[in-house]
Protein chains: 2
Amino acid sequence: MIAAKYKEMLGAKSVIRELSEYATARGKEIGYENVFDYSLGNPSVPAPESFKREMIRLLTECDSMAVHGYSPSLGIPSVKEKIAESLNKRFGMNYTGNHIFMTSGAAGAIAHAVRCVTVPGDEVLTFAPFFPEYHPYIDLTGARLKVVPADTGSFQINFECFEEMLTEKVMAVLINTPNNPSGVVYTKETLEKLAEIMTEKAEKYGHEIYLISDEPYREILFAGVEEVYVSKFYDHTLSCYSYSKSLSIPGERIGYIAVNPACKEAETIVNMCGQISRGIGHNCPTSIIQLAAAEVAYETSDLSVYETNMNILYKELTNLGFTCVKPGGTFYIFPKALEEDAKAFCQKAKKYDLILVPGDSFECPGYFRMAYCIDTEKVERSLPALRKFVETEY
Amino acid sequence: MIAAKYKEMLGAKSVIRELSEYATARGKEIGYENVFDYSLGNPSVPAPESFKREMIRLLTECDSMAVHGYSPSLGIPSVKEKIAESLNKRFGMNYTGNHIFMTSGAAGAIAHAVRCVTVPGDEVLTFAPFFPEYHPYIDLTGARLKVVPADTGSFQINFECFEEMLTEKVMAVLINTPNNPSGVVYTKETLEKLAEIMTEKAEKYGHEIYLISDEPYREILFAGVEEVYVSKFYDHTLSCYSYSKSLSIPGERIGYIAVNPACKEAETIVNMCGQISRGIGHNCPTSIIQLAAAEVAYETSDLSVYETNMNILYKELTNLGFTCVKPGGTFYIFPKALEEDAKAFCQKAKKYDLILVPGDSFECPGYFRMAYCIDTEKVERSLPALRKFVETEY
C-alpha cells in the first residue's frame with residue numbers, strides 16, 4: 001500500500017507556487033511582461049562567465065572518467081579543500097577539507113544537518129518569518145519544528161520568546177541570515193546574544209545545542225551592512241550553504257555543510273553525513289558541478305541588480321506609507337500590509353497585476369513578501385500599479 | 001547530542017572500499033598498472049561524445065537561467081517526456097512524462113521508491129547475491145530488508161524460498177537484473193514466474209506488492225542474451241534507472257523512476273516522490289545533466305570492452321576449473337571460490353596482486369566477484385597471475 005503520509009501531503013498546495021502559476025496563466029492573457037510577478041525567489045541574473053568557462057574546460061580538456069566519475073561520498077577532496085581555504089581567507093576560520101561535506105544545495109545540507117544532531121521527537125527552533133520549506137525539511141526527519149514568534153519591529157530575534165522556548169527538548173536552532181522573507185541581516189549584537197543564551201542553556205541542560213545556519217544569501221549584502229559569519233559567534237555551528245544565489249545556478253543543486261572545527265566531534269559529524277546519505281539516496285552532488293563551483297569559489301554573478309531594485313521599492317513603499325524594515329541583503333522585502341488580513345491584501349493586489357505573497361506563508365501574518373529578483377525595468381513599470389492599488393483600495 | 005544511529009555506522013567499513021584502498025596503496029609500491037584491481041564497479045570507458053557536445057551546446061547556446069534555473073520538483077517536463085518516449089519506443093510501453101520522476105541516480109530512485117510503497121516495519125524482499133548498499137538504502141527508511149537465499153546453480157531465483165518468505169508483511173520486492181555481482185540476466189521465464197507468484201500473493205493478502213526493479217546495467221547486455229524489460233511482466237513495477245553505466249557518468253548522479261502506467265495510482269506515486277524529496281533534501285537532479293542526458297537517451301558509451309573482458313575471463317576461469325555462471329551482462333563475474341571460505345581465498349589472491357571481492361559482501365559466501373571494468377590489456381596481463389595463484393595455492 002502506498003505510504004499515506006506522503007499521499008496526504010499532496011493535498012496542501014504551496015501558496016507561493018499557486019501564485020506563481022496564477023502569474024504564468026495571467027501572463028498568457030495579457031503578456032507576461034505586464035504581470036508584476038513578485039512571487040518566486042528565482043535568481044534573475046546569469047551565472048558568471050568564469051563558471052561557464054570552467055565547465056567547458058572540464059568537458060574539453062580533462063579526462064572523462066575523472067570529471068564524470070564517482071565522487072567520494074563526502075565530496076571531492078580537492079573541492080572540499082578549496083572551499084575550506086576560501087572560507088578561511090574570507091572569514092578568518094580554520095576549516096580543513098575534513099570539515100566540509102558537499103551537498104545538493106542548502107536543502108540537502110539542512111536534511112543532513114538535522115539528522116546529524118537530532119533524533120525523532122527532538123525539537124528544532126526557528127524564528128518567524130521563515131522559509132516555508134523548513135516544515136517538510138524538519139518534520140520528515142521526525143524532529144519537531146517549533147517557531148519563535150517574530151520580532152516585527154526589526155526582524156532580528158525576539159529573545160524573550162526564544163529563551164522561554166529553548167527548553168531541554170531543543171537540540172538545534174535553525175537560523176537564516178540574510179533572511180528570506182524579511183531581507184534582514186542579523187547584527188553582530190543579535191548573534192552574540194543568541195550565542196550567549198545557547199551556551200548558557202546548553203550548560204544548564206548538559207547537552208550541546210547546535211546552531212544550523214542556513215546561508216544561501218550570504219553574498220547578497222547591501223551597502224552599509226556589516227558582513228558577519230555566523231559560525232564565528234558559536235562553536236557548535238553547522239553552516240549550510242548553497243551556490244544557488246551567489247552563482248545563479250539553483251538548478252545545479254550544489255552546496256555544502258561547513259562544521260566549525262571547534263565543534264565537539266566536528267569531523268565525526270562530517271563522516272556521519274556520509275552515512276546519512278546512504279539512507280536518503282543523496283550520494284553526493286554532481287561531480288562536474290562540484291569541480292566547477294570550487295574553482296570559482298571567490299566569485300559571484302553580478303548581484304548589483306538586487307540592491308538597485310531594493311532601493312527603488314523601499315523608497316516607493318515608504319513613500320506610499322508602508323511600514324517596512326529596510327533589507328540588508330537577499331532579494332526580498334517584507335512590508336506590513338495595509339490591512340490586518342495580508343491574504344485579503346494580496347488578493348486585492350492581483351486586480352492590479354501585482355503578485356505578492358502573504359506573510360502567512362512565512363508564519364508572520366499581516367505582512368507580505370516581494371521577491372524582486374526581476375529586471376529593474378519591470379520593477380519601475382510596477383510602481384504606477386502599486387500606487388494605483390494603494391490609492392484605490394486604501 | 002549527535003545521532004547515535006549514524007555514528008555507530010561509522011565503525012563498519014565496506015570490504016569493497018577496503019580492498020580498493022589496499023589496491024591503491026599497493027599501486028604506490030609496485031605501480032598501479034601491476035595491481036590487478038578487480039574491486040570496484042567504476043565504468044572504465046569515457047562518456048559518449050554526443051553527451052559532451054550537448055553539455056557544451058547547453059552552456060554556450062542557451063540562456064543561463066533556463067539551463068541552470070530551478071527544475072520543477074518532479075523533473076524538467078521536456079526531459080520526462082523524452083525519457084517516456086524512448087522507453088515506449090524501445091520496450092513497447094505507454095509511459096507519459098507524468099510516469100517519470102527524475103532522481104539522483106539509482107540510489108535516489110530506490111530511496112524514493114521504497115518510501116512510496118512501504119511504511120516503517122514493512123518488509124522488503126531481495127535476492128542473494130545483491131549490492132551491499134541495499135542494506136542502508138532500505139534499513140534507513142525504517143522498512144526491513146529480508147534476503148532470499150541464492151539459487152547458486154544459475155543465479156536466477158530460488159522460488160521455493162521466495163514463496164515461503166513472501167508473507168503478508170512484504171510490501172515490496174527488490175530485484176536487480178542484469179545483476180551485480182553475478183552478471184546474470186533474469187530470463188523471461190524467471191520474470192513470468194516472479195510476476196505470477198507476486199500477483200497470487202497480492203490477491204491473497206488483499207494488498208499490492210510492488211516490484212522495485214533496479215536497472216543500472218540494463219544497457220550492458222552480451223551476445224545471445226534476450227533483452228527483457230521487467231515492467232512488461234508486472235503492472236506494479238517501479239523501474240529505477242541510472243545513466244551511470246550506460247553513459248559512463250556515475251558522478252553526475254542522474255536517473256529516474258518510471259512507474260508502470262498500469263500500476264494503481266501510478267501518477268500519484270510520482271507526485272508522492274516530489275513530497276518525499278522535500279523531506280530528504282533531494283530536490284531534483286542537476287538541471288544541466290537532466291537536459292543533456294535526455295538528449296542522448298538513445299545512446300550509450302562504447303560498452304563493448306566489457307563483453308571482450310568477460311569472454312577472456314570466463315574462458316580462463318573455466319579452463320582453470322572454476323565453477324562459474326556465464327554473465328549475460330554488466331561488468332561483473334561471480335565464480336565459486338576454490339575453498340569454502342571465500343574471504344581466505346581472496347586474502348591469498350592478494351599475494352599475486354589480484355584484488356577479488358569475497359561473496360560474503362553480497363550475502364553469498366563461497367563465491368567471489370571480479371569487476372572487469374578495466375582495460376582489456378590489463379585483464380590479459382592478469383591471466384598469468386591468476387594461473388599462478390590457482391596452481392600454487394590449490
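This is a predicted model: local features need pLDDT of at least 70, side-chain atom pairs count only at pLDDT 80 or more; totals for chains, interfaces and linings use all residues.
**Entry: another lysine over a ring**

I turned to chain B for a further case. There B:Lys378 lies over the face of B:Tyr32, at 4.1 Å from the ring centre.

**Entry: how the two chains are related**

I laid chain B on chain A and got an RMSD of 0.0 Å, using a turn of 180° and a shift of 0.0 Å along the axis. The two copies are thus related as by a two-fold rotation axis. I also note that the same surface serves both copies, since 100% of the contact residues of chain B recur in chain A.

Next I looked at the interface itself. In it, 71 residues of chain B are in contact with 71 residues of chain A. Between them the chains bury about 5900 Å², with 59% of it on carbon and sulfur atoms. On the chain B side, the residues that lose the most area to chain A are B:Met1, B:Tyr70 and B:Arg278, and together they make up 13% of what that side buries.

**Entry: the nonpolar cores**

I wanted to know where the nonpolar residues gather. In soluble globular proteins, nonpolar side chains tend to be buried together. Here the largest nonpolar core has 88 residues, and those with the most contacts inside it are A:Ile138, A:Ile257, B:Ile138 and B:Ile257. I picked A:Ile138 and listed its contacts beyond four places in sequence: A:Ile110, A:Val114, A:Val124, A:Ala143, A:Arg144, A:Leu145 and A:Leu174. Apart from that core lies another, of 64 residues, which includes A:Tyr95, B:Ile83, B:Ile288 and B:Ile289.

**Entry: aromatic rings**

My search of the whole structure turned up 48 aromatic pairs over all chains. In one of them, the rings of A:Phe345 and A:Phe368 have centres 4.8 Å apart and planes at 40°, so I call the pair tilted. The pair links distant parts of the chain: A:Phe345 is in helix α13 (residues 342–349) of chain A and A:Phe368 in strand β12 (residues 368–371), 23 residues apart. Both A:Phe345 and A:Phe368 are buried. Ring pairs also join these two with A:Phe322, A:Tyr352, A:Phe389 and A:Tyr394 into a cluster.

How are B:Phe131 and B:Tyr134 arranged as an aromatic pair? They are edge-to-face, 5.9 Å centre to centre with 85° between the planes. B:Phe131 is partly exposed, at a relative accessible area of 26%, whereas B:Tyr134 is buried at 1%.

I went to A:Ala107 in helix α6 (residues 105–117) of chain A. Is A:Ala107 buried or exposed? It is buried, because its relative accessible area is 5% and the cut-off for buried is under 20%. Leaving aside neighbours within four places in sequence, A:Ala107 is in contact with A:Tyr137 and A:Arg253, and also with B:Gly281 and B:Asn283.

B:Asp353 sits in the loop between α13 (342–349) and β10 (354–355) of chain B. At 11% relative accessibility, B:Asp353 counts as buried. Not counting residues up to four places away in sequence, B:Asp353 touches B:Arg26, B:Ile30, B:Asn34, B:Val35 and B:Phe36.

B:Pro358 lies in strand β11 (residues 357–358) of chain B and is buried at 6% relative accessibility. Beyond four places in sequence, the residues B:Pro358 touches include B:Val15, B:Leu19, B:Cys346 and B:Phe368.

Most residues other than glycine have a negative phi, and most peptide bonds are trans. I therefore noted the exceptions below.

- A cis peptide bond joins A:Thr177 and A:Pro178, with omega about -5°; A:Pro178 is in the loop between β5 (170–176) and α9 (188–205) of chain A.
- In chain B, a cis bond joins B:Thr177 and B:Pro178, with omega about -10°.
- B:Arg253 has a positive phi, near 50°, and is buried at 7% relative accessible area. I found B:Arg253 in the loop between β7 (237–242) and β8 (255–259) of chain B.
- B:Glu265 has a positive phi near 60°, and at 31% relative accessibility B:Glu265 counts as partly exposed.

Notes
Residues are numbered from 1 along each chain as its sequence is written. Chains are lettered from A and ligands numbered from 1 in the order in which they are written. Side-chain values use heavy atoms; hydrogens and water are left out. Copies are superposed by least squares on the C-alpha atoms of residues with pLDDT of at least 70 in both. Contact means heavy atoms within 4.5 Å. A nonpolar core is a set of buried Ala, Val, Leu, Ile, Met, Phe, Trp, Tyr and Cys residues joined through side-chain atoms within 4.5 Å. Buried means under 20% relative accessible area, exposed over 50%, partly exposed in between (1.4 Å probe, protein chains only). Rings of Phe, Tyr and Trp (its six-membered ring) pair if their centres lie within 6.5 Å; planes under 30 degrees apart count as stacked, over 60 as edge-to-face and the rest as tilted. Helices (H or I, at least four residues) and strands (E, at least two) are DSSP runs, numbered from the N terminus. A charge sits over a ring if NZ of Lys or CZ of Arg is within 6 Å of the ring centre and within 35 degrees of the ring normal. Buried area is the accessible area (1.4 Å probe) that two parts lose on being put together, summed over both.
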